[in-house]
Amino acid sequence: MYILNVRSHYDSAHFLRDYHGKCERLHGHRYEVEAGLAFEEVGAGGMAYDFTEVKRRLREITGELDHQNLNDLPPFQEIETSAENQARYIFEQLRERLGPEGEHVLYVRVWE
């Protein structure tokens, strides 16, 4: 198996609704994101996938989250803005935006 990794980041504010402590108040983070795509084979030219395309798609998603209050965005108006839910959202979006190649998205990691 071959795993390709790409990274991006975004700066956003949020607050946790179901948390009791300082994070229930509006605050911000610089979020770092890593996505891994897994492939069993390499194609012509010895490449499994074009880094440029997956970086472009990941940066589209993180660009939409950048400098936003995450709680105001549709995906997070109903669910908590935890790093785990952000990772799930980015994972699902990346799979969708890559089309058939999205099946190769293995994981998304988000950290502050």
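**Notes on helix and sheet packing**

1. In this predicted model, the contact between α1 and α3 is made by V54, R57, L58, E60, I61, E64 and L65 on the α1 side, which meet Y89, I90, Q93, L94 and R97 of α3. Sorted by class, this contact of α1 with α3 comprises seven nonpolar, one polar and four charged residues.

2. Two packed helices are described by the angle between their axes and the distance between the axes. Here the axes of helix α1, residues 51-65, and helix α3, residues 83-97, come within 10 Å of each other and cross at roughly 135 degrees, which makes α1 oblique to α3. The crossing in which α1 passes α3 is right-handed.

3. The sheet is open and has three strands in the order β1-β2-β3, with antiparallel pairing. Because β1 (2-14) and β3 (105-111) stand at the edges, each with a single partner strand, one side of each is left without a neighbour in the sheet. From one strand to the next, the twist averages 20 degrees.

4. Strand β2, residues 27-39, pairs with β3 in the antiparallel sense over six bridges, and G36 stands opposite Y107 in β3. Against this sheet packs α1, which touches β1 and β2 and whose direction makes about 15 degrees with that of β1. The sheet also carries α3, which packs on it while touching β1, β2 and β3, and the direction of α3 makes about 145 degrees with that of β3.

Methods
Residues numbered from 1 in each chain as written. Predicted model: local features only at pLDDT ≥ 70, side-chain atom pairs only at ≥ 80, totals over all residues. Heavy atoms only, no water. Axes fitted to C-alpha atoms, helices over the stretch in contact; angles between N-to-C directions. Helix = DSSP H or I, 4+ residues; strand = E, 2+ residues; numbered from the N terminus. Parallel < 35°, antiparallel > 145°, perpendicular 65-115°, else oblique. Left-handed = near helix turned anticlockwise from the far one by under 90°. Contact = heavy atoms within 4.5 Å. Nonpolar A, V, L, I, M, F, W, Y, C, P; charged D, E, K, R; others polar. Pairing = 2+ DSSP bridges.
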